[in-house]
Amino acid sequence: MRLRDCFNFHDFRELARRRVPGPIFNYIDGGADDEVTLRRNTAGFEQCDLVPSILRGVETVDISVSVMGQKLAMPFYCSPTALQRLFHHQGERAVAAAAAKFGTMFGVSSLGTVSMEELRKKYETPQVYQFYFHKDRGLNRDMLQRAKQAGVDVMMLTVDSITGGNRERDLRTGFAIPFKLTPGGMLQFAIKPMWAINYVTHESFKLPQLDEHVDMSGGVMSIGRYFTEMLDPSMKWDDVAEMVRAWNGQFCLKGIMSVSDAKRAAEIGCTGIILSNHGGRQLDGSRAAFDQLAEIVDAVGDRIDVMMDGGIQRGSHVLKALSLGAKAVGVGRFYLFALAAAGQAGVERALGLMKAEIERDMKLMGCSTIKQLTRSNLRFR
Ligand SMILES: Cc1cc2nc3c(=O)[nH]c(=O)nc-3n(C[C@H](O)[C@H](O)[C@H](O)COP(=O)(O)O)c2cc1C
C-alpha cells in the first residue's frame, strides 16, 4: 500500500498503521475508557441527512470562510495536536506547509515539537497557538507573551483537559515521552525499521514550547501525568477572563459543550468557541460536538464564532456542521494519519481530497457559497 492508494480517512489510517510503531498508532487512534464518545463523534453525522437542491447554476463554488478574523480558503483547519514529530520526522513543519499550501489555519500545541516562532516565520497562513493552563503561572505568562511576540493570530485555550483522560491503550503499550516501552511495544519499534531509522537520523525530539520550564531529562512523563501534574485543575472563569484581557486579540475556548458555558465565554470577551470533546480522548460518554452544535449556535452564534471538531472524516460531515451554523470545523486524526503515513505529501493529499469532496458535495447540494448551506438542507432521523 502506498500514498497513491489512499483515497479517504480509512486508507490513511491503514497506511499509518502499517508504517508507525503500534504504541504511536494507538496513541493517535485511541480514545478514553470504552471509546464510546470517540465512535459517537463520527456516528453522529449518520443521524443527519442532506437534502440537496437542484438546477441552481453551480459551475463555480466558493468554499472560503472568515472565522476568528481570519480568511480561510476552505472551511476546515488543522486542529492543534501534540507530539507530531513522533508520528513523522517532518512533524509540525509538514502540517504547517500543507495548511499554507491550501490557505487554511493550523494549530500549534503547547506539546508541539517545533517552536511556534519557527512555524510563524516560515509559513504564511493563519496560525493558532493552543494553550494549556499550567500550575506555574509564570510559565503561563511567558507563553502568552511568546505567542504574542511570535505573531500568533489566534489564541486557543483548551478547557476540556483539566485532568488527563483515561487512555487505556496507552497504559497497555506504555506510551510515554520519551519512550518507556513494554517488551511488546519494543518489538513494535523493531518491526517498523523505516520509522525507527528516520526517528534517529533526524533532529532530536524536543518540546520547544515547554523546554525551558519542564525538565524531562530525569525520566519519562506519560501524557496522563503531564495533564495531572502540570496543568492547573483550579483554573476558573476569572483566570480565563484575565487571559482574554492580557491577550487582547482573537481568543477562543476549545472544549466547550454546554449552552451556559458558551454564554459565559461570550460574556468574558472570547471571540470564538470550539465545541469539542478532544476527539473522544478525555471524558468518555461526553456528547458529540455535532449533536450539540445547533443549540449552541442558537444561543451564542450571533455574538461569537462557533466552531466544532470531532469525528470529521468526509466533506459531507463538514457540510452538515456548516449547515447547522458552524463557522468552520477542525480536523485532527484526518490529517494526523496522513502525516504518520507519508509526512507533508500525505497531509497535502489528505487536505486536497477533503477540499475536492467539499467542492463536489457543494455542487451536488446546489450551493455555490457556504452561506447557502442552511438547516433547511438537513433532516435528522
Ligand atoms: C494524537 C492527538 C493529539 C492531540 N493533542 C492535542 C493537544 O495537544 N491539544 C489540544 O487542544 N487538542 C489535542 N488533540 C485534540 C484535537 O485538537 C481535536 O480536538 C481532535 O483530534 C478532533 O477529533 P478528530 O481527531 O476526530 O478529528 C489531539 C488529538 C489527537 C488525536
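User: Which residues of helix 5 are buried?

Analyst: Buried means under 20% relative accessible area, exposed means over 50%, and partly exposed lies in between, with a 1.4 Å probe and protein chains only. Helices (H or I, at least four residues) and strands (E, at least two) are DSSP runs numbered from the N terminus. In helix 5, the buried residues are G91, E92, R93, A94, V95, A96, A97, A98 and A99. Helix 5 is largely enclosed by the rest of the structure, because nine of its eleven residues are buried. This is a predicted model, in which local features need pLDDT of at least 70 and side-chain atom pairs count only at pLDDT 80 or more, while totals for chains, interfaces and linings use all residues. Residues are numbered from 1 along each chain as its sequence is written, and side-chain values use heavy atoms, with hydrogens and water left out.

User: What do the buried residues of helix 5 pack against?

Analyst: Contact means heavy atoms within 4.5 Å. The buried residues of helix 5 pack against strand 4, helix 4, strand 5, helix 6 (116–122) and helix 16.

User: At what angle do the axes of helix 5 and helix 16 cross?

Analyst: Axes are lines fitted to C-alpha atoms, for helices over the stretch in contact, and angles run from 0 to 180 degrees between N-to-C directions. Angles under 35 degrees count as roughly parallel, over 145 as roughly antiparallel, 65 to 115 as roughly perpendicular, and the rest as oblique. The axes of helix 5 and helix 16 cross at roughly 20° and come within 8 Å. Helix 5 is therefore roughly parallel to helix 16.

User: Is the crossing of helix 5 and helix 16 left-handed or right-handed?

Analyst: A crossing is left-handed if the near helix is turned anticlockwise from the far one by less than a right angle, and right-handed if clockwise. The crossing of helix 5 and helix 16 is left-handed. On the helix 5 side, the contact is made by G91, A94, V95, A97, A98, A99 and K101. Helix 16 contributes Y335, L339, G343, Q344, V347, E348 and L351. These residues divide into nine nonpolar, three polar and two charged. Here Ala, Val, Leu, Ile, Met, Phe, Trp, Tyr, Cys and Pro count as nonpolar, Asp, Glu, Lys and Arg as charged, and the others, Gly among them, as polar.

User: How do helix 15 and helix 16 pack?

Analyst: Helix 15 (residues 315–324) packs on helix 16 (residues 333–365) at an angle of about 60°, and their axes are 8 Å apart. That makes helix 15 oblique to helix 16. Helix 15 passes helix 16 in a right-handed crossing. G315, S316, V318 and L319 of helix 15 make the contact with M354, E357, I358, D361, M362 and M365 of helix 16. Six of the residues in this contact are nonpolar, two are polar and two are charged.

User: What should I look for in phi?

Analyst: Most residues other than glycine have a negative phi. L83 is not a glycine, yet has a positive phi of about 60°. L83 sits in the loop between strand 4 (76–78) and helix 4 (84–87), and counts as buried because its relative accessibility is 0%. H278, also not a glycine, has a positive phi near 65°. H278 is in the loop between strand 9 (272–275) and helix 14 (289–300), and is buried at a relative accessible area of 13%. Helix 5 is followed by G103, whose phi is positive, near 65°.

User: Where is T104, and what is T104 in contact with?

Analyst: T104 lies in the loop between helix 5 (91–101) and strand 5 (106–108). T104 is buried, with a relative accessible area of 0%. Apart from neighbours within four places in sequence, T104 is in contact with L72, M74, F76, Y77, A99, T125 and P126. A polar atom of the T104 side chain lies 2.6 Å from the backbone oxygen of F76.

User: Is E267 buried or exposed?

Analyst: E267 is exposed, because its relative accessible area is 58%. E267 lies in helix 13 (residues 259–267). K263 is in helix 13 and counts as partly exposed at 36% relative accessibility. Leaving aside neighbours within four places in sequence, K263 is in contact with A299, V300 and R303.

Key: Polar contact = N/O pair within 3.5 Å; in protein donor to acceptor, adjacent residues only side chain to side chain.
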